[in-house]
Amino acid sequence: MAFEGLAERLQSTFDKMKGRGKVSEADVKEMMREVRLALLEADVNFKVVKKFVNDVKERAVGQEVMKSLTPGQQVIKVVNEELTTLMGGEESKIAASRKPPTVVMLAGLQGAGKTTTVAKVANHLRKHHNRKPLLAAADIYRPAAIDQLETLGRQLDMPVYSKGTKASPVDIAKDAVEQAKEENCDYVLIDTAGRLHVDEELMSELQQVREAVDPDEILLVIDSMTGQDAVNVAQSFHEQLGVTGAILTKLDGDTRGGAALSVREVTGVPIKFAGTGEKIDEIDVFHPERMASRILG
Ligand code: GDP
């Protein structure tokens, strides 16, 4: 599971402090040094680590900690709160348009988990919000993606709009929205094409789809196993497409978790969901506070 190494290191650092009645300035310094190393080792972006450590220090200094009066527990509380803030603070819900259907476009690199995630989010919307989604197969360059989405649609007994690989993604997206209106579907989830790397052609196509259907959400699907690179990918997509949220996949793998901890801070967009397995129901709404508590034990 993600964050195991980080959680272990932070917890052992804090365990040393927990029992103490008083914490000196030197103790806090030492503790923050350990926190810094633990975050870097977990592959958190170095700029993010720097800011995080400074924020915690600043707040800890503002408290009585420096007067050697406050228990170590209080510093841990500050770290917990800052970790929550780093991951976005509040839970961020998926958009719901007042004028249905709500159009959600999913973007990301090939293999990030887009197609799977389209079905997972659709299932989540139906199960927990009683919504009726339509899935749109606009990844025309990977023929298997269309089959995959159709298979998932059948499994879920949900409509899938596809026009094969010959139609343009723009037309597929536009027609899917029309189809959703006809079928009284209140969400359209568009699976878009990915590439191995960010390139101009991909971005231009995604921009055209965006222009054509004016999505309520553009969710970037990020493979958390890709570490630091995930941050660069997120930045490029955000700059060129203006994403409204992120979904981290494969948090069940042995990722060190750095991406999860950096993406929000670097892009400023909220993480909305976390994928935790290959099965259709293995997706969770991303709760920064719960995640922070899980890391800190
Ligand atoms: P796409 O190219 O972005 O559409 O990616 P796919 O949806 O085809 O997913 C690529 C692979 O990642 C597939 O084998 C999925 O089963 C797998 N996958 C997607 N999300 C998760 C996840 O949260 N956890 C795990 N373990 N595997 C995932």
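Student: How far apart are the closest N and O atoms in the salt bridge of Glu34 with Arg9?

Tutor: A salt bridge is a side-chain nitrogen of Lys or Arg within 4 Å of a carboxyl oxygen of Asp or Glu. For Glu34 and Arg9, the closest N and O atoms are 3.7 Å apart. The pair links distant parts of the chain, with Glu34 in helix 2 (residues 25–41) and Arg9 in helix 1 (residues 4–18), 25 residues apart. Helices here are DSSP runs of H or I with at least four residues, strands are runs of E with at least two, and both are numbered from the N terminus.

Student: On what kind of model do these values rest?

Tutor: This is a predicted model, in which local features need pLDDT of at least 70 and side-chain atom pairs count only at pLDDT 80 or more, while totals for chains, interfaces and linings use all residues. Residues are numbered from 1 along each chain as its sequence is written, and side-chain values use heavy atoms, with hydrogens and water left out.

Student: What separates Lys181 and Glu178 in helix 7?

Tutor: They are 3 residues apart in helix 7 (residues 169–182), which means a separation of about one helical turn.

Student: Where do Asp223 and Lys250 lie?

Tutor: The side chains of these two, Asp223 and Lys250, form a salt bridge at 3.2 Å, N to O. Asp223 belongs to strand 5 (residues 217–223) and Lys250 to the loop between strand 6 (245–249) and helix 10 (258–267), so the pair ties together parts that are 27 residues apart in sequence. Asp223 is buried, with a relative accessible area of 13%, whereas Lys250 is partly exposed, with 30%. Elsewhere, salt bridges that share partners join Arg59, Lys77, Glu81 and Glu82 into one network. The structure holds 19 salt bridges.

Student: How many of the residues of helix 10 are buried?

Tutor: Helix 10 is mostly covered, with 7 of its 10 residues buried. Among them are Leu261, Val263 and Thr267. After helix 10 comes Gly268, which has a positive phi near 80°.

Student: What radius of gyration does the protein chain have?

Tutor: The radius is taken over C-alpha atoms, and the globule rule is 2.2 Å times the number of residues to the power 0.38. For 297 residues, a compact globule would have a radius of gyration near 19 Å, and the 21 Å of the protein chain agrees with this. The C-alpha trace spans about 70 × 40 × 30 Å along its principal axes. The chain has 11 helices and 8 strands, and 51% of its 297 residues count as buried.

Student: Which share of the contacts joins residues 24 or more positions apart?

Tutor: Contact means heavy atoms within 4.5 Å. Among contacts with a separation of 6 or more in the protein chain, residues 24 or more positions apart account for 79%.

Note on methods:
Buried < 20%, exposed > 50% of the residue type's maximum accessible area, 1.4 Å probe, protein only.
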